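Please work through the exercises below with the sequence and the model side by side, trying each task before reading its solution.

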Amino acid sequence: MPHAAYSIRKLNVSDDFEALTKLLHRAYRELSQAGLNYTAGYQDAETTRDRCSKGVCFVAEANEVLIGTILVKPSSPDEDCDTYRVPNTASIHQFCVDHERRGIGAGRSLHEAALNQASEWGCTSVALDTAMAAERLTSMYLAWGYEIVEEIQWPGKTYRSFIFRLEL
């Protein structure tokens, strides 16, 4: 999926997880400063590697620099949330675009890659979560056709989350 300003590709195990972690920290900084302790805002590189190993991670690159990422995982009975356990439902995590690169379509392209991966797995829906207080994100997901299907208080988090689902 090449684009004029960036490209989308699957993350490789040989990629720099330190650079990916720094991207996550930069992109989640605004949410962290608002008191929302998303894991992606403070995790270390080993946690990033571990989380990415549980699904397929896509990255957006511009001039060989990571500018965005998204992780998509198949449903699992081990998940902590009812919606993420539903068979044929993929879940999306660690979704972000660097602040300086927002508005160029990289987020939509990453999201499209995740939806395509979910379809390849035979999934009929995708789900994701975000803090109820993250109004910009909740508005974006609703505009993209997601519906709120659940609310949850994740252990150790300073906020309640909406769980969103999109039928494929």
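The exercises that follow concern a predicted model, and each task is followed by a worked solution.

**Exercise 1.** Determine which residues of helix α5 are buried, and how they are placed around the helix.

Solution. Begin with the helix itself, which spans residues 135-143 and has Leu137, Thr138 and Tyr141 as its buried residues. Then ask what covers the buried residues: the cover includes α1 (17-33), β4 (89-97), β5 (125-131) and β7 (161-167). Finally, follow the chain just past α5, where glycine 145 adopts a positive phi of about 100 degrees.

**Exercise 2.** Decide whether valine 126 is buried or exposed, and list contacts that it makes beyond its neighbours within four places in sequence.

Solution. First locate valine 126, which belongs to strand β5. Its relative accessible area is 0%, and because buried means under 20%, valine 126 counts as buried. Setting aside neighbours within four places in sequence, its contacts include Thr89, Ala90, Tyr146 and Phe164. For tyrosine 146, which is 20 residues away along the chain, the C-alpha separation from valine 126 is 8.9 Å.

**Exercise 3.** Describe the largest pocket by its volume and its lining.

Solution. Start with the volume, which is about 1,100 Å³. Of the 45 lining residues, Tyr28, Tyr38, His93, Gln94 and Asp129 are the closest to the centre of the pocket. Strand β4 then gives the largest share of the lining, six residues. By class, the lining holds 22 nonpolar, eight polar and 15 charged residues.

Terms used. Residues are numbered from 1 along each chain as its sequence is written. This is a predicted model: local features need pLDDT of at least 70, side-chain atom pairs count only at pLDDT 80 or more; totals for chains, interfaces and linings use all residues. Side-chain values use heavy atoms; hydrogens and water are left out. Buried means under 20% relative accessible area, exposed over 50%, partly exposed in between (1.4 Å probe, protein chains only). Helices (H or I, at least four residues) and strands (E, at least two) are DSSP runs, numbered from the N terminus. Contact means heavy atoms within 4.5 Å. On a 1 Å grid over the protein atoms alone, a cavity is a set of points where a 1.4 Å probe fits but cannot get out, and a pocket is an open set with protein on both sides within 12 Å along at least five of seven lines; lining residues have an atom within 4 Å of a point. Grid points are joined across faces, edges and corners, and a volume is the space filled by probe spheres set on the points. Ala, Val, Leu, Ile, Met, Phe, Trp, Tyr, Cys and Pro count as nonpolar, Asp, Glu, Lys and Arg as charged, and the others, Gly among them, as polar.
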